[in-house]
Amino acid sequence: MAIIESEHRRDEVSPERLLRDDPRQAANKVALFQYLAVAVFIFLISGFWKLQVQNPDVYSEAAERNRIKSTPILAPRGKILDRDGRVIVDNKASYSLLLNRDQIKPEHLPAIAQALGLDYEELARKIRHMGSTPQIIIKDQLSRDDIAWVESHQDESTYPEMQLIEAWRRQYPQDGFAAHVVGYVGEISEAELNMPQYLDYQQGDIIGKDGLEREYDSVLRGVDGQQRVLVDSWGRERQAEETQAAVPGKDLRTTIDLDLQAVAELAMADKRGAVVALDPRDGEVLAMVSRPTFDANKFTGRISRTDWNEIALDPYKPLLNRAIQAQLAPGSTFKPIMAIAGLESGVIDDETHFHCPGGASFYGHYFACHLKGGHGDITLHRAISQSCDVFFYNVGNRLGIDRIAEYGELAGIGHKTGIDLPNETQGTMPSSRWKMRMFRQKWYAGETISVSIGQGAVTVSPLQIAAALGGLGAGARWYKPHLLASEKPVLLREAHFNPENLEKVISGMYGVVNEGGTGRAAVLPDVKICGKTGTAQVAASSLTKGAKLKSALANNAWFVAFGPMENPEVVVAALFENGEESYNAVPIVRDILKAYFDKKARKAKAAAEKETAESLAPLRLLASPVPANLSFPSPEGILQ
Amino acid sequence: MIRALAVYRSFKDLDWPLVIVTLALCTLGVLQIYSATLATKWQDAWWKQIVWTATGFAMMWVAANIDYHVLLGRALYLYLGCVALLLATGLLGNKVFGSTRWIRVAGFTFQTSEFVKIVLILLVAKYLTDIKADTLEWKDLAKLAGFVGVPMLLVMKEPDLGTSLTYLPILVCGALMAGLRWKYLIIITGLLFVTLPIGYHFLKPYQKDRLVSFINPDRDPKGTGFQVIQSKIAVGNGGMWGRGTKESSQTHLGFLPVPHTDFIFSSFAEEHGFVGVVIALVLYFLLIMQVVQNAQTATDKAGLYICMGVAALLLFHVLVNVGMVVGRMPVTGIPLPLMSSGGSNTWSIFLMLGLVNSVRLRRFVN
C-alpha cells in the first residue's frame with residue numbers, strides 16, 4: 001500500500017522537480033566533504049605527531065627554559081699563594097649586575113648604561129652578541145650607589161631584566177707588586193672565544209689573560225653553580241628548585257718567596273728592567289720582577305677603555321714581562337760561557353795570556369776594551385774578574401762562532417727556558433747556520449768578535465741568563481725554571497765538563513765579587529758570592545724602537561750572581577735598562593742575595609731555638625714563636 | 001507547528017550517537033577548563049560552562065522539535081533581525097579587548113556574531129532550495145555571496161576577523177552542494193589568490209602582525225609570535241602521554257594565553273599528550289561524520305544544506321582552532337566548539353546540533 005502511495009506521489013510531481021529536491025543528487029559532493037574532513041584530521045594529527053612524538057625533547061626543554069629561571073652562582077677563583085702558603089692574590093666578595101635575556105628591552109639599555117656609567121654602544125653590542133646565553137653580566141664590582149640604583153629600579157614597571165648577583169672580585173697586590181708573574185684576569189674576547197682551547201667558555205666568562213692566571217686558568221677557575229627558581233610567565237618566583245652549588249677553583253701554590261719578591265720589588269722601585277731569582281738546583285723561581293709595572297686591579301673583569309689605553313699605549317710597555325720577554329744583548333755576563341767554551345775546547349787554558357793595550361784589531365776592524373788604558377798582560381782569572389774584552393775577543397776568535405754557539409745553546413741561550421708563563425721569548429744565539437737561515441748570508445769571522453763579549457746578534461732575557469749562569473755554577477746542570485710549587489724538577493741539559501775547568505770559571509766569577517772586581521758591591525760577609533757584570537750597548541732593539549726617549553740609548557746594566565760558591569742555592573739576574581754602568585745593577589742583586597741568606601740564617605736559628613725549646617720543655621713558653629723581621633720590610637706591608 | 005511538536009517529542013528519537021559524542025566533548029571541555037583555570041581569576045569558568053552546556057542541551061532539544069521548514073520560511077526575517085542586531089552591537093555593545101562583540105540582554109552578555117551563524121545556515125539552505133536548479137549560476141552565487149557578505153563585513157568591523165571568516169564555509173559548502181560548477185570554483189579560487197595581497201592592506205595592524213607571525217613566529221618572539229611559540233611548546237611538552245594536570249607548566253604558569261578559551265586544546269595537549277589529542281580529535285571526527293550522515297539521510301535538499309552547513313562550520317572551527325594550536329594556522333581567535341569556555345559559542349553550537357536533529361527527526365516524512 002505504501003509503495004502504491006509513493007508511486008502515486010511520484011506521478012503527481014514532475015520527475016524534474018523530484019530530481020531537484022533529492023538530496024542524493026549531492027551524494028558525491030558529500031563524499032568529497034568526507035574525504036576533505038579525513039584530510040583535515042590527518043593534517044591536524046600529523047601536526048601533533050611532529051610536536052609531541054617526533055621531537056618532544058625540544059619542546060620540553062623549551063618549557064623548562066620558560067619555567068626555570070636559573071641564576072649563576074659564580075665560583076671563586078683559586079687563590080695564588082707563595083711558597084710558604086702566604087696569599088698573593090685573593091678574592092673579595094662583590095656584586096655584579098646581570099641582565100636576563102628574556103626580559104631585556106632594547107629601549108631600556110640607554111637608561112641602564114647611563115645610570116651605571118657604561119658605554120651604551122659597547123653594551124648594545126654585547127647584548128646583540130649574547131646568542132642563546134640566558135644572562136649576561138654587564139658590570140662587576142658595583143659601587144654602593146650602583147647597588148642602590150639597581151635595587152630601586154628592578155621592579156616590573158622599570159627595568160625588570162636587571163638582577164644583582166654575588167660575585168668574586170680578584171684582589172691583586174697593590175702598586176703592581178708581582179703583577180707580571182701573577183698576570184690578570186679579564187672578560188673573554190671574541191677572538192679567544194673562537195680558539196679551540198676556549199671551546200667550553202661562553203661570552204662574558206672571566207678568564208686568565210696573562211701570567212699565572214692565564215697559564216693555570218684551568219686550575220684556578222672553578223665551576224659556576226646555578227640557583228634554579230620556578231617562575232611563571234609574569235616573572236614571579238613560585239618555588240625554589242634544586243640548587244647546584246659552585247665548585248671553587250683550586251688554590252695555586254707557587255715557588256715565589258714573598259720576602260724575596262718584596263725585596264726585589266723595592267730594589268727595582270724606580271728603575272726600568274727586570275730581576276729574576278731562582279734556585280739552580282731545581283729551577284724554582286723565587287722572585288720575578290719587571291719594571292715598569294701595572295696595577296692588575298684595574299684589569300679585573302671588565303676594564304674600561306681609558307684605563308686599558310693608558311696602560312697599553314705607554315711607550316715603556318708596562319705589560320711586557322721583561323724578565324722573560326726582554327731580548328737584549330747580555331754584554332759581559334756572556335763571558336763565563338765564553339770561558340768554559342774556551343777551556344773545554346782547549347783553545348785556552350788558565351795559563352794562556354793575551355796582551356790588552358785597551359783594544360785590538362781583528363779582520364781590519366778595531367775593537368776597544370771597556371778599560372781604555374788596557375789590562376796589560378792578562379790570563380783567564382783576571383780576564384773574568386776585570387772583564388777584559390780583548391782577552392775574550394781572542395778567545396772568540398780562536399773558537400769561531402759555531403763552537404761558541406754550541407756552548408751557548410748548551411747553557412740555554414737562544415732557547416725558551418720553558419717556564420710556566422705565557423709568551424716567553426727565546427732570544428738569539430747566533431751561529432753560521434742561524435745566519436744562513438735568517439738572512440741567507442755567510443757568517444763573517446769579524447762578527448764573532450762582538451759576540452765574544454755578548455754583543456752583536458746575541459740576545460737573552462734575564463731569566464735565560466740567570467738560568468744559564470746558575471746552571472753553570474751548579475755543576476753544568478740546567479733545570480727548567482718553574483713557578484708551580486708542586487712541579488717536579490726537570491733536568492733540561494747536563495754537560496760533563498772537566499770539573500777543573502768549571503772551577504776555573506767559577507773562581508773567576510768569585511773574583512768579580514770578592515777580589516775587587518766589577519761586582520765588588522755584592523760581597524756578603526758569610527757567603528761566597530760569585531757573579532758577572534755586564535754593560536751592554538743598546539742597539540736598535542724592539543724595546544727602544546719608536547720610543548722617543550733620550551735615555552733609551554744609554555747602556556744597559558746587567559749583573560748575574562749566585563751563591564754560595566760551592567753548591568749554589570740561588571742565582572739572581574738583574575737587568576737595569578739604561579743603567580749606564582754595570583755597577584748600578586749590582587746592589588739590586590746584592591739586596592736579594594742578602595735577603596735570601598738572612599732568611600735562611602733566621603730560619604736555621606728559629607729551628608735551632610725550637611729544638612732547644614723542645615728539649616727544655618718547661619721553658620717552651622719563653623721561646624719566641626715568630627722570628628724578628630729586621631733586615632727588610634715585610635711583604636705584607638707592601639701588599640697592603 | 002504545534003502538531004509537529006506533539007508528534008516528535010520523543011526523547012529517544014534524538015540522534016543518540018551524536019548526542020553522546022557531543023556530551024563527551026563537553027565533559028572533556030569542562031574538565032580541561034577546570035584544570036586550566038585552577039587558582040586563576042577564571043576559576044569559576046568550569047561550572048559556568050556546565051550551566052552553558054545544560055542550557056545548551058535544552059535548547060538543542062527545543063530546536064530539534066521545531067520543524068526546520070518552519071524556520072526556513074522565516075529565514076529572511078531572521079536574517080534581517082540579525083543584521084539589525086549586529087548594527088546594534090556595533091552601536092551599543094560592550095567593548096572588550098578593543099573590539100565590540102558583545103551585547104547585554106537581561107544581565108547576560110551575548111556575542112551576536114555567534115548566533116548569526118545559525119541564521120546564515122538557514123538562509124543559505126532556504127536560498128539554495130528556492131533556486132530549483134541543478135547547477136548554480138553566477139547570478140545566484142553573487143546574490144548568495146551578498147547575503148553572507150553583509151554580516152561578514154559587519155563582524156569584521158567589530159573587529160572580529162576570526163568569527164567573520166567562519167561564515168565563509170557555510171557559503172562555500174552550500175554553493176558546492178547546490179552544484180557549483182568546477183569551472184566557477186577554479187575561477188573563484190584564482191581570483192581569491194589575486195585579491196588576497198590587496199586585502200592584506202585593509203587588515204588592522206594587529207591582524208597583519210598575526211599573519212606575519214604565523215608565517216614566521218620567531219621574528220618577534222615577545223610580541224605576536226609569543227602565543228604561537230608558547231602554544232607549540234605546550235603541545236610538544238605534552239609528549240606521547242601528557243604531563244598530567246600538575247606538571248603542565250605551560251598551562252599553569254601562565255605561558256599559554258587564555259588556556260581555557262581559544263588555546264584550550266593546547267593546554268589539553270600538554271596535559272594529555274598525543275594519546276589524549278588523538279582521542280579528542282577522533283571524537284570531533286565522529287561528531288562531524290554523524291552530522292554528515294544526517295545530511296545523507298535528509299529527506300530533502302533543505303535538510304541536506306542545513307546539515308552540511310553545520311558540518312562545514314564545525315570542520316572549519318576545528319581546523320582553524322586546532323591548527324592554530326600546533327602552529328599550522330594563523331592566530332584568529334575562534335573558539336574550539338564544545339570545549340572552549342564561553343556561553344554564546346556553546347549555545348550556538350547546541351542550536352545548530354538541534355537543527356541537525358530536527359532534520360533527522362523528519363527524515364521519514366515528506
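What follows is a working chat about a predicted model with chains A and B.

Biologist: Let's start with the interface: how many residues of chain A are in contact with chain B?

Modeller: In this predicted model, 30 residues of chain A are in contact with 42 residues of chain B.

Biologist: And which elements of chain A give two or more residues to that side?

Modeller: Those elements are helix H3 (27-54) and helix H4 (56-67) of chain A, and the most comes from H3(A), which gives 15 residues.

Biologist: How do the residues on that side divide into nonpolar, polar and charged?

Modeller: On the side of chain A that touches chain B, 19 residues are nonpolar, six are polar and five are charged.

Biologist: Switching to strand E19 of chain A, why is it described as largely enclosed?

Modeller: Strand E19 (residues 530-536) of chain A is largely enclosed by the rest of the structure because seven of its seven residues are buried.

Biologist: Which strand does E19(A) pair with, and in what sense?

Modeller: E19(A) pairs with strand E20 (residues 556-563) of chain A in the antiparallel sense, over seven bridges, and within that pairing A:Thr535 stands opposite A:Ala557 of E20(A).

Biologist: Now helix H20 of chain A: which of its residues are buried?

Modeller: In H20(A), which covers residues 445-452, the buried residues are A:Thr448, A:Ile449, A:Ser450, A:Val451 and A:Ser452.

Biologist: What do those buried residues pack against?

Modeller: They pack against elements of chain A, namely helix H15 (335-345), strand E14 (359-362), strand E15 (365-368), helix H17 (389-399) and helix H18 (401-410). Just after H20(A), A:Gly454 takes a positive phi of about 75°.

Biologist: What about A:Tyr184, is that buried or exposed, and why?

Modeller: A:Tyr184, which lies in strand E6 (residues 184-187) of chain A, counts as buried because it has 25 C-beta neighbours inside 10 Å, where the cut-off for buried is 20 or more.

Biologist: Last one, over in chain B: how far does helix H6 reach from its first C-alpha to its last?

Modeller: Helix H6 (residues 112-131) of chain B has 20 residues and reaches 29 Å, close to the 28 Å expected at 1.5 Å a residue. H6(B) is also mostly covered, with 18 of its 20 residues buried, and just after H6(B) the residue B:Lys132 takes a positive phi of about 55°.

Definitions and conventions. Residues are numbered from 1 along each chain as its sequence is written. Chains are lettered from A and ligands numbered from 1 in the order in which they are written. This is a predicted model: local features need pLDDT of at least 70, side-chain atom pairs count only at pLDDT 80 or more; totals for chains, interfaces and linings use all residues. Two residues are in contact if their C-beta atoms, placed from the backbone, lie within 7 Å. Helices (H or I, at least four residues) and strands (E, at least two) are DSSP runs, numbered from the N terminus. Ala, Val, Leu, Ile, Met, Phe, Trp, Tyr, Cys and Pro count as nonpolar, Asp, Glu, Lys and Arg as charged, and the others, Gly among them, as polar. A residue is buried if 20 or more other C-beta atoms lie within 10 Å of its own, exposed if 12 or fewer, and partly exposed in between; C-beta atoms are placed from the backbone. Two strands pair if DSSP finds at least two bridges between them. The expected span of a helix is 1.5 Å times one less than its number of residues.
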